[in-house]
Amino acid sequence: MTGVCNSLLLGGGEARRQCLEVSATELVGPYTLLRLERGELEPGIPGQFFMLEAPGRVLPRPMSLCQATSGELSFLIDPIGPGTRALCALRPGEAIHVLGPLGNGFDLDVERPLLVAGGIGIAPMPYLAAALGHPPALLGFRTQHHAEAASLLSEAEIVVEPRLVTELIPEDPGDVLACGPEPLLEVLRARVPGAQLAWEAPMACGYGACYGCVVEVGGRYRRLCIDGPVLREAA
């Protein structure tokens, strides 16, 4: 059962915090797809994020929305630390507080979208692909086990290390929208002017108060929770 929904005006937009019930969890390779009842929360723009309050942890965890239906919000989570493992251990019927949507997402006004992701960077791509009419996608993973997450995204070309997803970038890639580890994004930033890149950083608040997510990108310091997570390089 979902709880009371509180609205907050953050960064010029409206985010809401609500206690949402877990409807299901699914293993997708080494990752967990956490499905929550949607309640009164809006899914927002692909690339925005939500703060999920992990059981037994002080700080919430920022998660991109992976899938959105009329009744659910789903998040693809890599259990790499205490907080993410606590989220992956949730069971149907349990509930957590969720705040969002937050930050700046992808600009969907593009003519020739090409989605590029590495590893858990696939997380926002299913929702983004649905919004853009399922354009071509290039996905890179460490192992075949990790590559099972590609089942969430149709029409994708997949590579597994030692091959790199950047090897698949065509000479004229069109409008690149990407998410993944910093080395991947740095390559794209240099090779594809105008690419939209979703960066990652630890976050404590999600709305610019703590300065915990400041990163240097292109010689400038950015608070990813309000300037990003999606940053667009000048063409």
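Visitor: Which elements each supply at least two residues of the lining of the second largest pocket?

Guide: Happy to show you around this predicted model. The second largest pocket has a volume of about 390 Å³ and a lining of 22 residues. Those that each supply at least two of its lining residues are strand E10 (137-141) and H3.

Visitor: And which element gives the most to that lining of the second largest pocket?

Guide: By class, this lining has 10 nonpolar, seven polar and five charged residues. Gly118, Gly119, Gly140, Glu161 and Pro181 lie nearest the centre of the pocket. The element giving the most, with three residues, is H3.

Visitor: Where does the largest share of the largest nonpolar core come from?

Guide: The largest nonpolar core has 29 residues, and Val116, Val176, Leu188 and Leu224 have the most contacts inside it. Elements supplying at least two residues each include strand E9 (113-118), strand E12 (175-179), helix H3 (182-191) and helix H4 (224-227). The largest share, three residues, comes from H3.

Visitor: How many residues are in the second, separate core?

Guide: Val28, Leu153, Val160 and Val230 are among its members.

Visitor: Which element gives the most to the lining of the largest pocket?

Guide: About 630 Å³ of space lies in the largest pocket, and its lining has 17 nonpolar, four polar and three charged residues. Strand E5 (61-64), strand E7 (72-77) and helix H1 (82-88) are the elements that give two or more residues to this lining. With four residues, the one that gives the most is E5.

Definitions and conventions:
Residues are numbered from 1 along each chain as its sequence is written. This is a predicted model: local features need pLDDT of at least 70, side-chain atom pairs count only at pLDDT 80 or more; totals for chains, interfaces and linings use all residues. Side-chain values use heavy atoms; hydrogens and water are left out. A nonpolar core is a set of buried Ala, Val, Leu, Ile, Met, Phe, Trp, Tyr and Cys residues joined through side-chain atoms within 4.5 Å. Buried means under 20% relative accessible area, exposed over 50%, partly exposed in between (1.4 Å probe, protein chains only). On a 1 Å grid over the protein atoms alone, a cavity is a set of points where a 1.4 Å probe fits but cannot get out, and a pocket is an open set with protein on both sides within 12 Å along at least five of seven lines; lining residues have an atom within 4 Å of a point. Grid points are joined across faces, edges and corners, and a volume is the space filled by probe spheres set on the points. Ala, Val, Leu, Ile, Met, Phe, Trp, Tyr, Cys and Pro count as nonpolar, Asp, Glu, Lys and Arg as charged, and the others, Gly among them, as polar.
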